[in-house]
Amino acid sequence: MTQNPKSGWARRLPLLIVLAVAAIGAITLKDYLSFETLRDNREMLLAFRDDHLVATVVSFVLAYVLIVTFSLPGALPATLTGGFLFGTLGGSFLSVAGATAGATLIFLAVKAGLGDRLEQRLDESPGKVGKIKKGLDENQWSMLFLMRLVPIVPFFVANLVPAFLAVPVHRYVISTFVGII
């Protein structure tokens, strides 16, 4: 069965959009998503929260989703913003929810664009690569939690690797949510 070129592009489109927005965001937003911006706008943010709580919650979570989905700079200032706007517990929950949703979106984009093809190549690989893939398949829960809990694995990498290894979405979401906590 041959695949027409349009379906290949359509399949990769979400991944291409993520890469383009990530590159543009890394260049243009680094000065806006910072501790200085947070400090300079603290009073305005608190006043807006007091007047529009639901809009502030929704905006915060959506902003966090975008930061994680597109690997934009500013996750740490965003997390601290959640803490001072919604308290430690509320800010933590909203940050984890936004991070999980954003990580899931990047996971799905990569899985749709590259995951199936790369997984097939890894499954067919002889030698060490094939053995590593088989070991990872047999221990997905452990691998997913380890990637989230070991600080040497960058968050972005921990979002991509499972997409290449055919991790089921439900397993990825649960391990990401719990692992981020």
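**Briefing: an all-helix chain**

Phe107 is buried, with a relative accessible area of 0%. Buried means under 20% relative accessible area, exposed over 50%, and partly exposed in between, using a 1.4 Å probe and protein chains only. This is a predicted model, in which local features need pLDDT of at least 70, side-chain atom pairs count only at pLDDT 80 or more, and totals for chains, interfaces and linings use all residues. Residues are numbered from 1 along each chain as its sequence is written, and side-chain values use heavy atoms, with hydrogens and water left out.

**Overall build**

- The chain holds 9 helices and 0 strands; helices (H or I, at least four residues) and strands (E, at least two) are DSSP runs numbered from the N terminus.
- From the N terminus on, the elements read α-α-α-α-α-α-α-α-α.
- The chain has 181 residues, and 34% of them count as buried.
- Its accessible surface comes to about 10,800 Å² (Shrake-Rupley method, 1.4 Å probe; for residues, only the protein chains shown count as cover).
- Carbon and sulfur atoms hold 70% of that surface.
- Take the contacts (heavy atoms within 4.5 Å) between residues at least 6 apart in sequence: 77% join residues at least 24 apart.

**The core**

- The largest nonpolar core has 27 residues, and Tyr64 and Val167 have the most contacts inside it.
- Helix H4 (53-69), H5, helix H7 (140-149) and H8 each supply at least two of its residues.
- H5 gives the largest share, 10 residues.
- Such a core is a set of buried Ala, Val, Leu, Ile, Met, Phe, Trp, Tyr and Cys residues joined through side-chain atoms within 4.5 Å.
- Beyond its neighbours within four places in sequence, Tyr64 is in contact with Ala75, Ala78, Thr79, Ser95, Gly98 and Ala99.

**Ala103, in helix H5**

- Ala103 sits in helix H5 (residues 75-124).
- Its relative accessibility is 0%, so Ala103 counts as buried.
- Setting aside residues up to four places away in sequence, Ala103 touches Val68, Arg148, Phe155, Asn159, Tyr172 and Thr176.
- Ala103 and Leu66 are 37 residues apart along the chain, with 9.6 Å between their C-alpha atoms.

**Aromatic pairs**

- The whole structure has 4 aromatic pairs.
- One of them joins Phe107 and Tyr172: the ring centres are 4.0 Å apart and the planes lie at 10°, so the pair is stacked.
- Phe107 lies in helix H5 and Tyr172 in helix H9 (residues 169-180), so the pair ties together parts that are 65 residues apart in sequence.
- Tyr172 is buried, at 0% relative accessible area.
- Trp141 and Phe145 are stacked because their ring centres are 6.0 Å apart and their planes lie at 20°.
- Both residues belong to helix H7, 4 residues apart, about one turn of the helix.
- Trp141 is partly exposed, at 33% relative accessible area, and Phe145 is partly exposed at 25%.
- Phe60, Tyr64 and Phe86 form one aromatic cluster.
- Rings of Phe, Tyr and Trp (its six-membered ring) pair if their centres lie within 6.5 Å; planes under 30 degrees apart count as stacked, over 60 as edge-to-face, and the rest as tilted.

**Helix H8 and just after**

- H8 covers residues 155-164, and its buried residues include Ala158, Asn159, Leu160, Pro162 and Ala163.
- Just after H8, Ala166 takes a positive phi of about 60°.

**Helix H1**

- Val21 is in helix H1 (residues 5-28).
- Val21 is partly exposed, with a relative accessible area of 32%.
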